[in-house]
Amino acid sequence: MTDLVFEKYEGLGNDFVLIEADREDAISSSLARTICDRRFGVGGDGVLVVLPPVSPKAAARMRVINADGSIPEMCGNGLRCVALHVFRAGEMQGEGELVFDTDAGTRLCVVDDRNRRGLVTVDMGVVRATDDVTIDLDGDRWELSLADAGNPHAITTRLAAREIIDIVGPRLATHPLFPNGTNVEFASFRKGAVDLVVWERGCGVTHACGTGACATVAVGVKKGLLARNEEVIVTLPGGPLFITLRNDGHAIMRGPARHVFSGRLSDIP
């Protein structure tokens, strides 16, 4: 295999290896696992494959492969990184709008790169809070509120230390109630704000999760803990995202993306 040219991006510490490709099968799941290995590869929470667009108005298509080789439907932080990459690669300056195809549908992004700000606002589409469920883990009952942000989420307001999240997160994420797995959010609601830690399906605990932030805000609005049509500060380990759940159900996410370095990966096993 020839050397693989890549870009490293991060959004609030949720880091990715971005690769431009002409074909969907250019990066296999096994290759993505190798690339994301933090000791023997580049290291990352996932690989962002930037492909030719499908819809006529789209600038590109984003395909995400998690660090474990699984393929999620959507990745909010990843999409901000892709939007910034395509914006700069097209030699656009200042501010501009771009549309992207994703496995969860088309998404509109507004890039504000004045003075290299790298700030991206994304219309994440309709995000819905759905059911409340209880899962029993060996006598330990966890109350969860489910939500759909183009990918599945299960939100709990039960306080949990990081060592508990590391144990409970994967057990909830792979519970039989979720045949395709789920992301798990550990949320603490405050007035107009949320403190959030996410155990991401296919990655584990990450510094930030865009879809998780949107899903959590949708649950907060449904339960009357947050206001609709008002920007909510969601504080994650990597920093804040700003989420607004509009009256039409669309979640608007605003946050940074940053190019870290460019590289070339050779001697790929």
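**Entry 1: ground rules**

I number residues from 1 along each chain as its sequence is written, and side-chain values use heavy atoms, with hydrogens and water left out. Since the model is predicted, local features need pLDDT of at least 70 and side-chain atom pairs count only at pLDDT 80 or more, while totals for chains, interfaces and linings use all residues.

**Entry 2: the largest cavity**

A cavity here is a set of points, on a 1 Å grid over the protein atoms alone, where a 1.4 Å probe fits but cannot get out, and its lining residues have an atom within 4 Å of a point. Grid points are joined across faces, edges and corners, and a volume is the space filled by probe spheres set on the points. How many cavities of 30 Å³ or more does the whole structure hold? My search found 2.

The largest cavity has about 100 Å³ of space. I find 15 residues in its lining, with Pro72, Met74, Cys75, Asn151 and Glu200 nearest the centre. Strand E4 (60-66), helix H2 (76-89) and helix H4 (210-222) each give at least two residues to this lining. Helices (H or I, at least four residues) and strands (E, at least two) are DSSP runs, numbered from the N terminus.

I then sorted the lining by class. Ala, Val, Leu, Ile, Met, Phe, Trp, Tyr, Cys and Pro count as nonpolar, Asp, Glu, Lys and Arg as charged, and the others, Gly among them, as polar. The largest cavity has 5 nonpolar, 8 polar and 2 charged lining residues.

**Entry 3: the second largest cavity**

The second largest cavity holds about 40 Å³. Its lining is made of Asn14, Phe16, Asp45, Gly46, Val64, Asn66, Cys75, Glu200 and Cys203. Strand E2 (14-20) and E4 are the elements that supply two or more of these residues. By class, I get 4 nonpolar, 3 polar and 2 charged.

**Entry 4: cysteines**

Cys75 had turned up in the lining of the second largest cavity, and I went on to check for disulfides (a pair of cysteine sulfur atoms within 2.5 Å). The count is 0.

Next I looked up burial: buried means under 20% relative accessible area, exposed over 50%, and partly exposed in between (1.4 Å probe, protein chains only). Cysteine 75 counts as buried because its relative accessibility is 9%. Cysteine 81 is buried too, at 0%.

**Entry 5: strand E4**

For neighbours, I count two strands as paired if DSSP finds at least two bridges between them. Strand E3 (residues 46-51) pairs with E4 in the antiparallel sense over 6 bridges, and valine 50 stands opposite methionine 62 there. With strand E5 (residues 95-102), E4 pairs in the parallel sense over 2 bridges. In that pairing, arginine 61 faces aspartate 101.

At 6% relative accessibility, it counts as buried. Its C-alpha atom is 9.2 Å from that of proline 52, 49 residues apart along the chain.

**Entry 6: helix H4**

The 13 residues should span 18 Å, and the end C-alpha atoms are 19 Å apart, which agrees. H4 is mostly covered, with 12 of its 13 residues buried. Among them are Gly210, Cys214 and Val221. Just after H4, glycine 224 takes a positive phi of about 80°.

**Entry 7: two last residues**

Methionine 74 sits in the loop between E4 and H2 and is buried, at 2%. Histidine 153, in strand E10 (residues 152-156), is buried at 1%.

How values were computed:
On a 1 Å grid over the protein atoms alone, a cavity is a set of points where a 1.4 Å probe fits but cannot get out, and a pocket is an open set with protein on both sides within 12 Å along at least five of seven lines; lining residues have an atom within 4 Å of a point. The expected span of a helix is 1.5 Å times one less than its number of residues.
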